[in-house]
Amino acid sequence: MRHVLLYLALSVSLAACEGDNSVRITTTSSNDDQGAGVLKVIDALQCPDSLGVLTRKGLVAAGGTSCVYGGPKGADVVLHLVKLDGRSVDDVLRDFETRVSADLPQTTAKLATRPNAPKIEPSETTEPTETASVQAPGVDIQARGDNASVRLPGLRIETQGDNASVRIGGINIQAKDGQNTRTETSSVSIDTNDNSTRVRTRAPGAATRMTYILADDQPGDAGWRQVGFEARGPGGGPIVVAVVRSKDRQNGQIFDDAKDLVALNVGR
């Protein structure tokens, strides 16, 4: 686990050293010995009256294809059951990305620009120790040997030896003495520019397991500061997608509970 986390931190420094003007992290972790569970095929959504901080608003749509939840500070979660009907799951997920990104158009535009490169502090030591230091607006990464601290909007990583704590949106990984208590086997891609962040995670395999988060300190026209979705489903579909909109970009509990809604329907 710690080697994956250190690679994640070090990859940011390497991108900046090569002159890339935005911070991008792309890495893959496959440290789940038990493997992911089998996802269920369903024909109608389960929409409980409440789950965690979320409370259902109104009735479930006819046929059990969608339901709407409200959360703290006006947060909104819409649960969808999506049949592929011959479309590829990639096309369906791209459509959801486009739809939720439309709520924060200035964020998408900002992430497409190239700000000043993050400042890199080279290590003065000559010892063969993995060392990285990256500082930029909204970015603070320090790594040395088996210890690392990573701070990005929507992402926090702390490692000390064999102990690790990772939080990326709705993904939470805890490890103690080298043993994982909860893992997600996923590819992770993060773009950040100043206080704007985009996070994608996608698990390998035929089944769909994806998280998408777009966050900004400056709200969009409707007041949203964090939007995104959690999508899961068996190969061939249908997939369950929870679309999340929040006016508080720091409230990870909403994404956690949206993820639990999806898992309630199709499994983890």
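Predicted model: local features only at pLDDT ≥ 70, side-chain atom pairs only at ≥ 80, totals over all residues.

Q: Okay, where does Ser196 sit?

A: Ser196 lies in strand β15, which spans residues 196–202.

Q: And is Ser196 buried or exposed?

A: Ser196 counts as buried, because its relative accessibility is 0%.

Q: Which side chains does Ser196 make polar contacts with?

A: The side chain of Ser196 has a polar contact of 2.8 Å with that of Asp216, and another of 3.2 Å with the side chain of Lys110.

Q: What else does Ser196 touch?

A: Leaving aside residues up to four places away in sequence, Ser196 touches Thr107, Leu111, Asp191 and Ala215, as well as Lys110 and Asp216.

Q: Switching to β18, how many of its residues are buried?

A: Strand β18 covers residues 239–246, and eight of its eight residues are buried.

Q: Which residues are on each side?

A: Ile239, Val241, Val243 and Arg245 are on one side, while Val240, Ala242, Val244 and Ser246 are on the other, and both faces are covered. In a regular strand, side chains alternate between the two faces of the sheet.

Q: Which strands pair with β18?

A: Strand β5 (residues 76–82) runs antiparallel to β18 and is joined to it by seven bridges, with Val82 standing opposite Ile239. Strand β17 (residues 226–233) also pairs with β18 in the antiparallel sense, over seven bridges, and there Arg232 has Val240 as its bridge partner.

Q: How many residues are between the strands in the hairpin of β17 and β18?

A: That hairpin has five residues between its strands, and Gly236 takes a positive phi near 90 degrees in it.

Terms used:
Residues numbered from 1 in each chain as written. Heavy atoms only, no water. Helix = DSSP H or I, 4+ residues; strand = E, 2+ residues; numbered from the N terminus. Buried < 20%, exposed > 50% of the residue type's maximum accessible area, 1.4 Å probe, protein only. Polar contact = N/O pair within 3.5 Å; in protein donor to acceptor, adjacent residues only side chain to side chain. Contact = heavy atoms within 4.5 Å. Pairing = 2+ DSSP bridges.
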